[in-house]
Amino acid sequence: FGSAQGAFLRDLCEATATRKAFADSVMWKAMSARFAACRVALEPAGCARYGWALGEIERRLGRQPLTLSLAHRDFVPWNMHYGRDGALFVYDWELAQDECTPGWDFFHFHLAGRKLRAGDKAGAVVEALLREAERSEIVQARDCLLAYLTDMGLFLRDRLRRSPGRIANGYVPLIEEIMDSVFRDERHASLAFGARPADECAPLSGLYDAAAESGAGDSAASAS
């Protein structure tokens, strides 16, 4: 990740930025709809993981105005190249989505682009990445990382649900390992202070059902 990638993402954010409550965003509605679609097929641990994450994102970011922008959503080295004049060209935009959290493509580049796998001591990598995100002035980097992981995990889970014969993506176990390790203490603390039981899979607010009824997740997932 060099200066060209950083400049590209800053320009993309500035060109597509909108400021609104995250609970009103395209990204939140798509995440909620995917959880509603996938939760029946999720194993209890997965259901508890994503249910907690969505509830926590709603608590931390839900009504807070954020600067949201278009995310490429597959911003990795093999989807870009340099022209003869040194200009950076980025292609493969079919997964792009409006109104995504700050740092979405930054986190994806560093995690998916490294081709890490579960068991690769990803926790240490993520903590270093969060420090780099803060130096890059990504606001609320830890909260935005949780939003990215939840969004990407649910997107891949939903893609597998829609295409049962598809070979499972090795990125899913990594995402879920990071969620379980990096956010373990916060999850335990929230459960200790009255959050719903870990095995409960009901939606945390009417936003999930509203998003599911609107079909917000269908158009975003159809690009897969």
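This report describes the chain as a whole, its open sheet and its aromatic contacts.

The model is predicted, so to speak of local features a pLDDT of at least 70 is needed, side-chain atom pairs count only at pLDDT 80 or more, and totals for chains, interfaces and linings use all residues. Residues are numbered from 1 along each chain as its sequence is written, and side-chain values use heavy atoms, with hydrogens and water left out.

The chain contains 10 helices and five strands; these are DSSP runs numbered from the N terminus, helices (H or I) of at least four residues and strands (E) of at least two. Of its 224 residues, 48% are buried, meaning under 20% relative accessible area with a 1.4 Å probe, protein chains only.

Three strands form an open antiparallel sheet in the order 1-2-5, where pairing requires at least two DSSP bridges between two strands. Strand 1 (18–21) and strand 5 (97–100) each have a single partner strand, so one side of each lacks a neighbour in the sheet. Strands 1 and 2 (residues 65–71) share four bridges; T18 has L68 in strand 2 as its bridge partner.

F8, F75, W93 and F109 form one aromatic cluster, in which rings of Phe, Tyr and Trp (its six-membered ring) pair if their centres lie within 6.5 Å. Both F75 and F109 are buried.

| Charged residue | Ring and distance from its centre |
|---|---|
| R73 | F155, 5.1 Å |
| R142 | F183, 5.1 Å |

Conventions
Buried means under 20% relative accessible area, exposed over 50%, partly exposed in between (1.4 Å probe, protein chains only). Rings of Phe, Tyr and Trp (its six-membered ring) pair if their centres lie within 6.5 Å; planes under 30 degrees apart count as stacked, over 60 as edge-to-face and the rest as tilted. A charge sits over a ring if NZ of Lys or CZ of Arg is within 6 Å of the ring centre and within 35 degrees of the ring normal.
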